[in-house]
Amino acid sequence: MTPVVIACNAGIVLNLLSIPLPQVALDSFAFVGDSASPVALFALGLHLGGMGLTVRGTTVEELWIIAFKCVAFPLMTLVVARHGFGVEGDWLHYLVLLAAMPAPQNLFIFAQRYDVGVDMSAALVIKSSVVALLLLPLWVQWAAHSA
């Protein structure tokens, strides 16, 4: 009964039933949807400003999660997609590169909404972004050479 799940389910039902909505309502939904990402980044920045994020304060748990997200998860995606589902070529590259992306800002938004692990999620989003910034060129090179 969370608002996010209710909204997703309502959208799916309305789409399946082909219920027409007025253009004003669609424009309003588009406006709110387009503003979601900047608002999330603003909220993350505000939280980090008050938290005082430091690299030296990185816990072992954070290091394991970041290593899993930026290294192990793309490797698992490669193995499962190639050998489990027979995906090859560009589609395999796309899947691996998507898996190598940093932790999404939605992680922070959900943590903040439910007041669970807010500091950890904020740190993971920022620190995994830095690690992904360093590792993504390597994944791109792999994709280019394995093509």
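## A charge over a ring

In this predicted model, the ring of Tyr-114 has the charged end of Arg-113 sitting over it, at 5.1 Å from the ring centre.

## Aromatic pairs

Three aromatic pairs are found when the whole structure is searched. One of them joins Phe-68 and Phe-73, whose ring centres are 6.2 Å apart; their planes meet at 35°, so this pair is classed as tilted. Phe-68 is partly exposed, with a relative accessible area of 42%, and Phe-73 is likewise partly exposed, with a value of 32%.

Another pair is formed by Trp-91 and Tyr-94, and its geometry is edge-to-face: the centres are 5.5 Å apart and the angle between the planes is 85°. Both residues belong to helix α4 (residues 89–99), where they are three residues apart, about one turn of the helix. Trp-91 has a relative accessibility of 62% and therefore counts as exposed, since the limit for that class is over 50%. Tyr-94, at 44%, counts as partly exposed.

## The surroundings of Thr-77

Thr-77 is part of helix α3, which covers residues 60–85. Its relative accessibility is 16%, so Thr-77 counts as buried, a class that requires a value under 20%. A polar atom of the Thr-77 side chain lies 2.8 Å from the backbone oxygen of Phe-73, the residue that also takes part in the tilted pair with Phe-68.

Leaving aside residues up to four places away in sequence, Thr-77 touches Arg-82, Leu-95, Val-96 and Ala-99. Between Thr-77 and Asp-119, which are 42 residues apart along the chain, the C-alpha separation is 28 Å.

Technical notes
Residues are numbered from 1 along each chain as its sequence is written. This is a predicted model: local features need pLDDT of at least 70, side-chain atom pairs count only at pLDDT 80 or more; totals for chains, interfaces and linings use all residues. Side-chain values use heavy atoms; hydrogens and water are left out. Rings of Phe, Tyr and Trp (its six-membered ring) pair if their centres lie within 6.5 Å; planes under 30 degrees apart count as stacked, over 60 as edge-to-face and the rest as tilted. Buried means under 20% relative accessible area, exposed over 50%, partly exposed in between (1.4 Å probe, protein chains only). Helices (H or I, at least four residues) and strands (E, at least two) are DSSP runs, numbered from the N terminus. A charge sits over a ring if NZ of Lys or CZ of Arg is within 6 Å of the ring centre and within 35 degrees of the ring normal. Contact means heavy atoms within 4.5 Å. A polar contact is a pair of N or O atoms within 3.5 Å; within protein, one must be able to donate a hydrogen and the other to accept it, and residues adjacent in sequence count only if both atoms are side-chain atoms.
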